[in-house]
Amino acid sequence: MLELSDVDGFYGRSRALQSVSLSVREGQFLTVLGRNGVGKTTLLRTILGLMSRCAGSIRLDGAEINHLPTHSRARAGLGYVPQGRGILPNFTVRENLLLGTFAAEKPARTIPDHIFELFPILREFLGRRGGNLSGGQQQQLAIARALLSEPKILLLDEPTEGIQPNIVEQIEDVLIDLNRKHGIAVILVEQNIKFARRASHRFAILNRGSVAMSDDIGALSDEVIQSHLVV
């Protein structure tokens, strides 16, 4: 479904992502791991066209998208939940959600019920400003907003970071459910090894902007973690 071939991502003249080749099949769950500062967020930003410049090939459903602006990539089927959530604090929950529909191929003016089945708390807080939600509630809102773009692939940048434990478990369960039951492919940047092992079909480890290792999740052994991830 999504294939990166020899992709470089640049911040100005600095090459932050180097010759990255990765693929995600339809309905697959890929977790991207690595120490801090190795290029995990940069990888997602490069896929979405948010870098200063990008070289190489990025293909979605066989079509080259590397020349497309970010909004066109969203319309093509990429949903994004950024690190820090990206909620508009002065917009209500309803307004934040409706923003997500504008990235869908056919924008809607209503919020479908299945969003509130996934995140019931959002129905209660539709009139509340996004900035007045807790961190966990904001993360649920950010994921729901991305889902309203009707993505084929959902890209998430550390969605459980700084979230209270009871909400973390709920978010993890929702992501697995979206993948297993609804067939949405997932690219997850995450530090939680336990969650990665539970949710993923495959993993990739980045180091200094390059892919150090990529394999089925069963190969994510304690030895691999010690070698590539322990600081």
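# Close-up views of a predicted model

**View 1. Arginine 208 sits in the loop between strand S9 (202–207) and strand S10 (210–216).** The model shown here and in every other view is predicted. Arginine 208 has a phi of about 55°. That value is positive, although arginine 208 is not a glycine. Is this residue buried or exposed? Arginine 208 is exposed, because its relative accessible area is 70% and the cut-off for exposed is over 50%.

**View 2. S9 and S10 belong to an open sheet of 6 strands.** Read across the sheet, the order is S6-S7-S8-S3-S9-S10. The pairing is mixed. Which strands form the edges? They are strand S6 (78–81) and S10, and each of them pairs on one side only. On average, neighbouring strands of this sheet are turned by 15° against each other, with direction ignored. In general, the strands of a sheet pair through backbone hydrogen bonds, and they do so either parallel or antiparallel.

**View 3. Strand S3 (residues 29–33) runs parallel to S9.** How many bridges join S3 to S9? There are 4.

**View 4. A second open sheet has 4 strands, in the order S2-S1-S4-S5.** Here the pairing is antiparallel. Strand S2 (14–24) and S5 stand at the edges.

**View 5. Strand S1 (residues 2–11) pairs with S2 and with S4.** S1 and S2 are antiparallel and share 7 bridges. Glycine 9 stands opposite leucine 17 in S2. S1 and S4 also run antiparallel, joined by 7 bridges. Find serine 5 next: its bridge partner in S4 is serine 57.

**View 6. S4 and S5 form a hairpin with 2 residues between the strands.** The two strands pair in the antiparallel sense over 2 bridges. Leucine 60 has alanine 63 in S5 as its bridge partner. Aspartate 61 lies in the loop between strand S4 (53–60) and strand S5 (63–64). Its phi is near 55°, a positive value in a residue other than glycine. How accessible is aspartate 61? Its relative accessibility is 45%, so aspartate 61 counts as partly exposed.

**View 7. Helix H1 (residues 40–48) is mostly covered.** How many of its 9 residues are buried? The count is 7. The buried residues are Lys40, Thr42, Leu43, Leu44, Thr46, Ile47 and Leu48. H1 lies across S3, S6, strand S7 (153–157), strand S8 (185–189) and S9. Its direction there is at about 145° to S7. Just after H1 comes glycine 49, with a positive phi of about 80°.

**View 8. Helix H3 (residues 93–101) crosses H6 at roughly 35°.** The two axes come within 7 Å. The crossing is right-handed. Which residues meet here? Val93, Asn96, Leu97 and Gly100 in H3 meet Leu141, Ala144 and Arg145 in H6. The residues of this contact divide into 4 nonpolar, 2 polar and 1 charged. Keep a general rule in mind when reading such lists: an α-helix has 3.6 residues a turn, so residues three or four places apart point the same way.

**View 9. Helix H6 (residues 135–147) also packs with helix H7 (residues 165–180).** Their axes are 10 Å apart, at an angle of about 15°. That makes H6 roughly parallel to H7, because angles under 35 degrees count as roughly parallel. H6 passes H7 in a left-handed crossing. On the H6 side, the residues in contact are Gly136, Gln139, Gln140, Ile143 and Leu147. On the H7 side, they are Ile167, Gln170, Ile171, Leu175 and Leu178. How do the residues of this contact divide? There are 6 nonpolar, 4 polar and no charged.

Methods. Residues numbered from 1 in each chain as written. Predicted model: local features only at pLDDT ≥ 70, side-chain atom pairs only at ≥ 80, totals over all residues. Heavy atoms only, no water. Axes fitted to C-alpha atoms, helices over the stretch in contact; angles between N-to-C directions. Parallel < 35°, antiparallel > 145°, perpendicular 65-115°, else oblique. Left-handed = near helix turned anticlockwise from the far one by under 90°. Contact = heavy atoms within 4.5 Å. Nonpolar A, V, L, I, M, F, W, Y, C, P; charged D, E, K, R; others polar. Buried < 20%, exposed > 50% of the residue type's maximum accessible area, 1.4 Å probe, protein only. Pairing = 2+ DSSP bridges.
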